[in-house]
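Trainee: Could we go through this model together and test each label against its rule?
Mentor: Gladly, let's take the labels one at a time.

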Amino acid sequence: MPNVAVDIVAKDNSTYIKQTLTTGNDGKFTVTDVEAGVYSLTFSVSGYAQTTKDVSVAAGRTVTANTTLSPDKNVLSASPQTVDFGEVETNKSIIIQNNGLDAVSYEATTDKQWLTLSNAQGSVAKGASKIIQVAANRAGLNPGGYTANVVIILHAV
């Protein structure tokens with residue numbers, strides 16, 4: 001898997017200082033010039049449970065450390081991340097997708113009174129999606145740019 005952060009920490013009294021690397025497109029990473037010893041490798045990437053593995057490195061040897069990342073129990077994604085109403089539009093949609101292992105409930109809120117949300121709370125089954133409708137009420141607003149936040153809170157079912 002590409003773009004996985006790998007934190008490497010020596011578990012003994014080595015002079016090795018913690019280092020963080022990122023896996024390449026092939027899911028691999030390489031660390032060179034490390035002292036013999038035991039190292040703790042922590043793998044993390046958004047949407048997956050963090051995994052830690054200890055690896056023993058012998059002097060002058062190459063070590064392969066394979067691991068498996070499991071999806072987080074509850075993962076909800078939203079698309080798009082940014083909504084632009086332009087100068088005349090008043091309605092947009094945000095699609096929320098449950099990529100986790102279980103159904104989840106959600107609640108969406110906004111910090112501006114001129115922005116309303118429909119379908120702002122409910123539940124999403126594993127692998128399913130829901131649409132949150134976002135409406136901008138332009139009445140009483142002067143022409144110009146405005147910014148608002150929509151926050152989607154995830155709750156385990």
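This is a predicted model: local features need pLDDT of at least 70, side-chain atom pairs count only at pLDDT 80 or more; totals for chains, interfaces and linings use all residues.

Mentor: Residues are numbered from 1 along each chain as its sequence is written, and side-chain values use heavy atoms, with hydrogens and water left out.

Trainee: What makes β1 and β2 a pair?

Mentor: Two strands pair if DSSP finds at least two bridges between them. Strand β1 (residues 5-10) and β2 have 4 bridges in the antiparallel sense, so they qualify. One of the contacts joins Asp7 to its bridge partner Thr20 in β2. Strands themselves are DSSP runs (E, at least two residues), numbered from the N terminus.

Trainee: Which strands make up the open sheet, and in what order?

Mentor: The order is β2-β1-β3-β4, 4 strands with antiparallel pairing. β2 (19-22) and β4 (51-57) are at the edges because each has a single partner strand, which leaves one side of each without a neighbour in the sheet.

Trainee: Why is the contact of Asp54 with Lys11 called a salt bridge?

Mentor: The rule asks for a side-chain nitrogen of Lys or Arg within 4 Å of a carboxyl oxygen of Asp or Glu. The closest N and O atoms of Asp54 and Lys11 are 2.9 Å apart, so the pair qualifies. Asp54 lies in strand β4 and Lys11 in the loop between β1 and β2, 43 residues apart.

Trainee: And what is the N to O distance for Lys92 and Glu89?

Mentor: It is 3.2 Å, so Lys92 and Glu89 also form a salt bridge. By this rule the count comes to 2 salt bridges.

Trainee: Is Phe43 buried or exposed?

Mentor: Buried means under 20% relative accessible area, exposed over 50%, and partly exposed in between (1.4 Å probe, protein chains only). Phe43, at 4%, is therefore buried, whereas Phe29, at 24%, counts as partly exposed.
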